[in-house]
Structure formats: C-alpha cells, structure tokens
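Student: I'm new to this one. Can we walk through it together?
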Amino acid sequence: MRRARSRVEPGSADADGLAMTAILTSRLPDCRPLLADPDDLTPVFRPVVDLATARVVGYEALARFPGTAGPDVWYAAAADCGLAAELEALAVTKALAAVPLLPEGTSLTVPVSPQLLGSGPVQEALATRPDLSRVVVQLAGRTPVDDLDALRRQTDALRARRALVAVDDAASGLPLVAAVRPELVSLDRALVTGADDDPVRTALTEVVRDLAGRTGARLVAGGVETARELAALAWLGVPLAQGWLLGRPTPEPAPLAPEVAALVRTSAARTRVSAGLAALVRPVRQCDVGRPPPAVPPAVLVGGRGEPVGLWLACPRTGEPHLAPVSLQAHLTDDVAATLQRAMTRPPAQRFDPVVCTDATRAPVGLLRVEDLAGAITAR
C-alpha cells in the first residue's frame, strides 16, 4: 500500500493562502479517469492586489479536483503513474481558457512546475493560446531543476510570445531567479506570517524586496491573512499581495470587495503618513522665471539659483492660468500633520494653494495638494 509523495501544487500556496502540505492517504487516487473526463478539474481564481492603489491587477489560477483529496495528492498520483505532465497540462489548458474572462488591465498567473515546463504535454497546453500577453507563467522556486540553461531557453521562448515569468518562493529559489530573471517573484507565506512583529522575518522580507528591486522584478507577498500583516507589508514597500484577507479563490475572476479595498487604502495612507511627505509629492514642471510659463499649468517658477519663486496655477473655478506666490515650502521628510497645520494657517487667499516640496538643496521636486495631506491624516 503506497503513500502519497509530497507534491506542492504549482504556485505553492493553496486556495486559502496556507502553505501546501502533503496529505497522507492509504492509497493514491487513480488520475486516469480524471484525464479521460477533464471537466472534473476546475480552475479557481485568487486575486493579486496592488497595495498602493487597492486594485486587483491579476489573478492566480489554482486547480481544484473532485473529492476530498487535495491537489498535492492528485499531482503525486499523476507522478506515480507517469502522468505528471499530462495532469499539469490539463490544469494549464483550463487556466488559459479563462483569459478572455479577465477584467480589463489584469493578468492571469498560471503555475507550472519548472521541471515539466519543457515537456510535450505542457508545451502543447501553452500553445492553445499563442498570444500570452496577459499571462504570467509562475515557476515553483523550491523545486530542483537539473538543467537551468534549458529552462532559461524555455522562459525566453515564453517571453517571445509576450508572457511574463514569475518565480514562487524566491527566498528558496535563488538559483532559479538567477537563471530565468523573472519579472515577478513571490514572498512565501512562511515569511509573511509574523512580518508585523518578528524582526527576523521583517529583515528577510526586506532582503527579498531588495533582491526583487535590484533585478527589476516586482514582489508579490502570498498568504496575507491579517490586517497587521497587510500593514507591515505596506510599510515595507511590498507592492503586491494575495491571501485570505484580500480575497479567496472564486470560480470566476472577481473584483475586490469594497471593505477589503477600504482596508488596503487605509494601510497605504498610513504608510504615506509615516513615511513623511515623499509619498504624497506630485511631480511638476519647472520654468525659469524669466521665460514664458507653459500653456498648461501647474508649474513652479524658479530663480537663478534654482529656488522656487512663484507658481503657475489654474483657477479652480474658471480653469484660467494665473501666477501665485510660493506661500509655503516643505521638505520631503517633514511630518504630514505638521505640514497640513502650516498650510491651513496661511492667509485665506493662499490657504489651498499647493505646497512646494523641496529637497536638501531647497530645490523644488514637486507639489503637494492640501487635499492629499488632509486625506492622509484622515486615513490614520
């Protein structure tokens, strides 16, 4: 009597955002009837959320099987009878069929085991959609790969078809990250848990975040379950996240629940407040004071030493451009609440004019709207 070998579903995290663990059964299920009747395998879709904008930017497709056995058991059964590539190809085919259902501006992450990516069945499944412009092929970082050069060629071929490449659990898959240079890397649930109060996990998250930034990849945190974890990830500058808190898998790609969107926006706003003014600054054009200002405001007029000497603004009532004095300057690191208080003590005529934000040399770097300052304070 055989027991199931441990096999993590491609993508590594289950529908509930928890790390997959092997389910021991007295006998592996027979996957051949499933392959004969592919309707028994159904995809579900878990949202990937941009923590800065509280917007769903993509979905991860996860395979669901009949009965009570988890995906790891089914994949172990397929491997046991030599049909691992066929079962994975079926999951890929089902996932890609859902691309037309995606909301505008979103992508679909399709997990694929790296050692099976080059197999005939998986390649045929990927060929069912020649244009992969809205598809992210995600490779499990913890899975050993014998031939990284071959894998690199396979991922390059996917990019030629406009796909993006992701590596799941980048902390465990550094050789894979180095080989395929993914556009996205994920932070495993093991590091997300306790990121709000564990300095070691916080430090490791920063390491993976910096690795992603230095290689040009975006970081996705998996398995976010609590508001405290969400706040910690936003504070650490993690751009993308998924997990129970943000949305559970659904039969079709679903929008972010309003209460979840509000929670994400609150976390982002609190982070901006804590980080000072830098996160609220809006870039602005600069114009030498002796030259004609641009046709469309706003702009900052600068003097001979690069100092701000005037503002070129549009009247909020008529839209007509006009000159205004620089009534308040603030440094990038100034406190948000203190800057708002200073802004509201200006004369009524200038009270709601933008604040000029400057760097260490006192040169202007952008404008701050009073509404943005007030919104950040309200979100605390």
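Student: Where does R162 sit?
Tutor: R162 is in the loop between helix 5 (148-160) and strand 5 (164-168). Helices here are DSSP runs of H or I with at least four residues, strands are runs of E with at least two, and both are numbered from the N terminus. Before we go on, the ground rules. This is a predicted model, where local features need pLDDT of at least 70, side-chain atom pairs count only at pLDDT 80 or more, and totals for chains, interfaces and linings use all residues. Residues are numbered from 1 along each chain as its sequence is written, and side-chain values use heavy atoms, leaving out hydrogens and water.
Student: Got it. What is phi of R162 near?
Tutor: Phi of R162 is near 80°, a positive value in a residue other than glycine. Most residues other than glycine have a negative phi.
Student: Is R162 buried or exposed?
Tutor: R162 counts as exposed, at 54% relative accessibility. Exposed means over 50% relative accessible area, buried means under 20%, and partly exposed is in between, using a 1.4 Å probe and protein chains only.
Student: And D169, what is its phi?
Tutor: D169 has a positive phi of about 55°, and it is not a glycine. D169 lies in the loop between strand 5 and helix 6 (174-180). D169 is buried, at 5% relative accessible area.
Student: New topic. Which peptide bond is cis?
Tutor: The bond from P297 to P298 is cis, with omega near 10°. Most peptide bonds are trans. P298 is in the loop between strand 9 (285-288) and strand 10 (299-302).
Student: Now helices. How do the axes of helix 2 and helix 3 cross?
Tutor: The axes of helix 2 (residues 71-80) and helix 3 (residues 84-96) cross at roughly 140° and come within 7 Å. Axes are lines fitted to C-alpha atoms, for helices over the stretch in contact, with angles from 0 to 180 degrees between N-to-C directions. Helix 2 and helix 3 are therefore oblique to each other. Under 35 degrees is roughly parallel, over 145 roughly antiparallel, 65 to 115 roughly perpendicular, and the rest oblique.
Student: Which residues meet there?
Tutor: From helix 2, W74, Y75, A78 and A79 meet A84, L87, E88 and A91 of helix 3. Contact means heavy atoms within 4.5 Å. The contact residues of helix 2 with helix 3 divide into seven nonpolar, no polar and one charged. Nonpolar covers Ala, Val, Leu, Ile, Met, Phe, Trp, Tyr, Cys and Pro; charged covers Asp, Glu, Lys and Arg; the others, Gly among them, are polar.
Student: Which residues of helix 8 are buried?
Tutor: In helix 8, T202, T205, V208 and A212 are buried. They cover an arc of only 125° around the axis, which puts them on the same side of helix 8. The arc is that of the directions from the helix axis to the C-beta atoms.
Student: Which residues are exposed on the other side of helix 8?
Tutor: P199, V200, V207 and R214 are exposed there.
Student: What do the buried residues of helix 8 pack against?
Tutor: They pack against strand 6 (184-187), helix 7 (189-192) and strand 7 (218-221).
Student: Last one. What does V137 touch?
Tutor: V137 touches V110, V112, L158, L164, V165 and A166, not counting residues up to four places away in sequence. V137 is in strand 4 (residues 135-140). V137 is buried, at 1% relative accessible area.
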